[in-house]
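Open the model in your viewer and keep the selection tool ready. We will go stop by stop.

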Amino acid sequence: MNEKITLKYILKLLFENKKSLILGQLITIIAIVISVPIPLLLPLLVDEVLLNKPDFFVNNINELLGNGSAFYYIAIVTFIVLFLRLIYFIFGVIITKIFTKISKYVTFKIREKLLNHLELVNMNEYESLGSGSIGANLVTDVNTLDNFIVSVASKFIASILTLIAVAIVIIKIDLILGLMILFIQPIIMIISKKIANKTGLLKKEENKAIEIFQNNINETLDLFGQIKASNKEKFFFQESVNKAKNIQITSNEFNYKSVAYERFSFTIFLFAFEIFRAVGLVLVAYSDLSIGLMFAMFGYIWFIMTPVQDILTMQYSYASAKAAINRINKILDLKVENNGEKELEKDIKEIDISIKNLSFSYNENKKTLQDISFEIKSGEKVAIIGASGSGKTTIAHIISGFYSKNSGDILYNNISIDKLNRQSLRENIFLVLQMPILFNNSLRFNITMGNDNISNEKIYEALKIAQLFETVENMPEKLDTIVGKHGIRLSGGQRQRLSIARMIIANPAVVIFDESTSALDVHTETKLFSDLEEFLKSKTVITIAHRLSTVKNADMIYVLEDGKLVQSGKHEELEEQEGHYLEFVKKQLI
Ligand SMILES: Nc1ncnc2c1ncn2[C@@H]1O[C@H](COP(=O)(O)OP(=O)(O)OP(=O)(O)O)[C@@H](O)[C@H]1O
């Protein structure tokens, strides 16, 4: 079982960069040690210089650099403060650099893990989520997680340590004020946490609306041509507008309420700040707290705002990250396809296929294939026919290892599909689809599937057999012509022939044609099969077809009806029997 994304898992990834993590935290601690005294320095001069009570600074400056005027002391301490701020800034940049690198590593690892899992996911499972939501998970949700990791890795420990250091200094300066801060801060944080949960729910709504819109618009754009052909632009685009409207509503709710909630938390903090100030004044009036230290306290109250705000923001992003993790884990919940260890020999020439009591359903309500058994010997040419929806494509997909059977077995040279490595299976069985979908890349890429080792000569040879040579020769960029998204710039027949050229290059032992020439005219189809004859001679060929001419010469014909195998035999035998095949022949003759 694939390990889920959890906070523990994220921590594990963070600790894979242990050295950088420790270095980053060390520099953070040094930066805190440098920054914490800053608010104390200049206010101390109020007492030592303005109120003429020389102490630490004046005494030490006198001893080290000699006496001087008020300007002299103020200038020296100001210089020290500016210098410390500069160092703090430089350390801040280094810290950001280290932690950004670590967090980008973690988000990359998460994306890599998701992609590695997706690669192995079972087709049925993949279809249950759809490409739109998986895309959103990989982009938006991982980014949400990224923001959270950056802020936690770089600010969590720093904020806590700064708060502790400041608390110590404040308590040392004045016990009452210090303790007040220590009590009031957690209360503010608890209130903020409750608010953060509400923001998380709103974010969830917004993300859902974005996902629905993304799925809808992807589909509308993919089917743009068909929508236009059915004159349904208004309907489909209005649907998309409605979904976009929903984003407006949910985004509006999230954005304004999350800002309002954030401001509310901040206002509570400011309330506390004013109370601290009032208490400071009272303490100067009624206790031995000096004016200079009171100013220092005010400085610390401002100083403390950044780490407190950081922790508050971390709570908001934690709420969003938790929601993102839940959605990301849905990808990891998708079951992977069974993958056995046995392999068919590379470039094997002969594969016997034996299908035994095979059953399959896409969902629990209906059995798509029921108890099908037949054998295909190596080199045999078989045809599968049947009414639309009878399960022909499904059986082709199962034989090629795209969908996993529910029961029964398929044996390839006596090796059960459960024990067979899927890559090895697909290397030797090629399914030529009716509607091949192409990459928005060059013809060459689509034929070779990115394999640069295949020579132009070999590609042109395949194109000639696939009846596509002249078409490609007449294209301005020839093999470098870009085919458009899903191959939109090619006709249906050209796409089918390109897919056949891809099959010729792959040179498998078993070829399955699933209505792969349905878009071709009879003349081109006849020429194609005649040119393919030599290439297919020794191969096992399974043809799914609607045309009698394609089926007639098969060594064996299997007839499917409603997911069941109802007839099998040669054309001459089946033609003599009453049944589906005879009906099929009659229809073709008409
Ligand atoms: N991905 C899918 N998810 C759910 N049901 C599906 C899926 N693909 C096909 N089906 C259903 O399975 C049944 C068999 O479909 P299949 O595509 O195998 O039929 P076919 O005989 O190849 O049809 P055609 O000749 O029209 O291509 C049909 O009822 C179809 O609705």
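**Before you select**

This is a predicted model, in which local features need pLDDT of at least 70, side-chain atom pairs count only at pLDDT 80 or more, and totals for chains, interfaces and linings use all residues. Residue numbers start from 1 along each chain as its sequence is written.

**Whole chain**

Show the cartoon. The chain has 21 helices and ten strands. Helices (H or I, at least four residues) and strands (E, at least two) are DSSP runs, numbered from the N terminus. Of the 590 residues, 32% are buried. Buried means 20 or more other C-beta atoms within 10 Å of the residue's own; exposed means 12 or fewer, and partly exposed lies in between, with C-beta atoms placed from the backbone.

**Helices α3 and α5**

Select residues 38-50 for α3 and 70-120 for α5. Their axes lie 9 Å apart, at an angle of about 175°. Axes are lines fitted to C-alpha atoms, for helices over the stretch in contact, and angles run from 0 to 180 degrees between N-to-C directions. α3 and α5 are therefore roughly antiparallel. Angles under 35 degrees count as roughly parallel, over 145 as roughly antiparallel, 65 to 115 as roughly perpendicular and the rest as oblique.

Now show side chains. On α3, pick Ile 38, Leu 41, Leu 42, Leu 45 and Val 49. Their partners on α5 include Tyr 73, Ile 74, Val 77 and Arg 85. In this contact (C-beta atoms, placed from the backbone, within 7 Å), twelve residues are nonpolar, one is polar and one is charged. Ala, Val, Leu, Ile, Met, Phe, Trp, Tyr, Cys and Pro count as nonpolar, Asp, Glu, Lys and Arg as charged, and the others, Gly among them, as polar.

**Leu 50**

Stay on α3, where Leu 50 is found. Is Leu 50 buried or exposed? Leu 50 is exposed, because it has 12 other C-beta atoms within 10 Å. Draw a distance to Ile 74: 10.0 Å, C-alpha to C-alpha, across 24 residues of sequence.

**Helices α15 and α17**

Select residues 456-465 (α15) and 492-506 (α17). Their axes come within 8 Å and cross at roughly 130°. That makes α15 oblique to α17. The contact includes Ile 459 and Leu 463 of α15, with Ala 501 and Ile 504 of α17.

**The ligand**

Finish at the ligand. The residues around the ligand include Glu 127, Tyr 362, Gly 391 and Lys 392. Helix α12 (residues 392-399) gives the most to this shell, with three residues. The shell divides into one nonpolar, eight polar and two charged residues.

Methods:
Contact = placed C-beta atoms within 7 Å. Near = placed C-beta within 6 Å.
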